[in-house]
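Colleague: I would like to know what stands behind the words used for this model. Please take the terms one at a time and set the values against them.

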Amino acid sequence: MANTAVVVNEGSPWRGGVEPMKASYGKLMMWFFLLSDAFTFSALLITYGMIRYSHPAFEGAISDFAFSQEYWPIPEMVFDAIPFVHGIHAPLVFVGIMTFILILSSVTMVLAVEAGHRMDKQAVEKWMLWTIVGGLMFLGCQAWEWSHFIAGTDLAKNVGSNLLQGASLTANQYGPSNFAALFFFITGFHGFHVFSGVVINFAIFYQVTVGKMERVGHYEMVEKVGLYWHFVDLVWVFVFTFFYLI
Amino acid sequence: MEHQTSNVQVIPADKAKIMKIWKVAGILAAITIVEFIIAFTVPAGGAKSFVFIALTIWKAFYIVSEFMHLGHEKKSLIMSILLPLLFVIFLIFILMVQGASILEVLH
């Protein structure tokens, strides 16, 4: 009964069989997943903003700053340590290095996608491997950052009768308990994205090395994981600003 | 053992395209360095936060538009991704108002 079918939008690009947005199904779905993920991260960062705004800010010169449960800490006084060197005040240096590592791994991912367009298997392998190395380096840095944050600094302040040092989910030496809770939640959620990104990157890297993309005829999977990886970098740009700079 | 002779034609790299990628990377690095300089030279305040947020959005534009290639997609795809983010602006607004009220009530 083919003649009973009613074509409502003949000539429309939305009638099926074509790509109205000039992007494949997989790429579109990756974009919409990333949009939903962007909402999650926005909610977390805006919550950080709200909770920080609902605590008093430190009044006075930065040189007079001391950790207290009474007001929100100044981030550059909290994150001022670098590995292997003890007792040096190097504010934001380590997190700056982490930022550069992640931006660089994003660049190598773009180069992998570009090589995929050219069907250059060797170059895709090389750049994806650098991207994975960058991701692992970032995760290593974050592991150090967390362990340092949890262990605490020498500047531990006397609170009540207990010497509070380091951080847990209920209390921390740096400021209100929510400060450490938000640190763990936001950088942890981002770090888990980096971790899953490395795992997915490795899976696609493996498929490239065994020649799957050449059999399929294109390197679109590299593009899709590329979108995810850039998104992880994008989120870090925002975490860096709202958690460390402001 | 499986033996495959590859007949895939590798297209040579376009130098201008590769240069563009590194140029965007350079811009991202430069903005980050500017953020560092501001972090240590400008005293804290509303203007400083505003500059940081502006620079962050500038960086985000380059990552999304060039690295994620969204700037070169069809307009309908660009708008499907960007317009829903207006809800985020609304959430910022209501939660900042909420934060101010909590501060007023508790302190």
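Predicted model: local features only at pLDDT ≥ 70, side-chain atom pairs only at ≥ 80, totals over all residues.

Colleague: Why is chain A called more spread out than a compact globule?

Modeller: The globule rule gives 18 Å for 246 residues, and the radius of gyration of chain A is 23 Å, well over that, so chain A is more spread out than a compact globule. The C-alpha trace of chain A spans about 85 × 45 × 25 Å along its principal axes. Chain A has seven helices and two strands, in the order α-α-α-α-β-β-α-α-α along the sequence.

Colleague: What makes chain B more spread out than a compact globule?

Modeller: For 107 residues the globule rule gives 13 Å; the radius of gyration of chain B is 22 Å, well over that value, so the wording applies to chain B too. The C-alpha atoms of chain B fill a box of roughly 75 × 35 × 35 Å along the principal axes. Chain B has four helices and zero strands. Its domain assignment gives domain 1 (15-72) and domain 2 (74-107), and the centres of domain 1 and domain 2 of chain B are 22 Å apart, taken over C-alpha atoms.

Colleague: What makes a residue buried, and what percentage of chain A is buried?

Modeller: A residue is called buried if 20 or more other C-beta atoms lie within 10 Å of its own. In chain A, 37% of the 246 residues are buried. In chain B, buried residues make up 10% of the 107 residues.

Colleague: What makes a set of residues a nonpolar core, and how many residues has the largest one?

Modeller: The set must consist of buried nonpolar residues joined through C-beta atoms within 7 Å. The largest nonpolar core has 65 residues, and those with the most contacts inside it are A:Ala112, A:Val124, A:Val222, A:Val239 and A:Phe240. The elements giving two or more residues to this core include H1, H3 and helix H4 (121-151) of chain A, together with helix H1 (15-41) and helix H2 (46-67) of chain B. H7(A) supplies the largest share of this core, 17 residues.

Colleague: Which residues does A:Val124 touch?

Modeller: Leaving out residues up to four places away in sequence, A:Val124 touches A:Ala112, A:Ala115, A:Gly116, A:Val208, A:Tyr219 and A:Val222.

Colleague: How many residues of each chain take part in the contact between chain A and chain B?

Modeller: Two residues are in contact if their C-beta atoms lie within 7 Å. The contact takes 41 residues from chain A and 44 residues from chain B. H1(A) gives the most to the side of chain A that touches chain B, with ten residues.

Colleague: How does that side of chain A divide by class?

Modeller: The side of chain A that touches chain B has 24 nonpolar, ten polar and seven charged residues.

Key: Residues numbered from 1 in each chain as written. Chains lettered and ligands numbered in written order. Nonpolar A, V, L, I, M, F, W, Y, C, P; charged D, E, K, R; others polar. Rg over C-alpha atoms; globule rule 2.2 N^0.38 Å. Buried ≥ 20, exposed ≤ 12 C-beta atoms within 10 Å, placed from the backbone. Domains from an automatic or database assignment.
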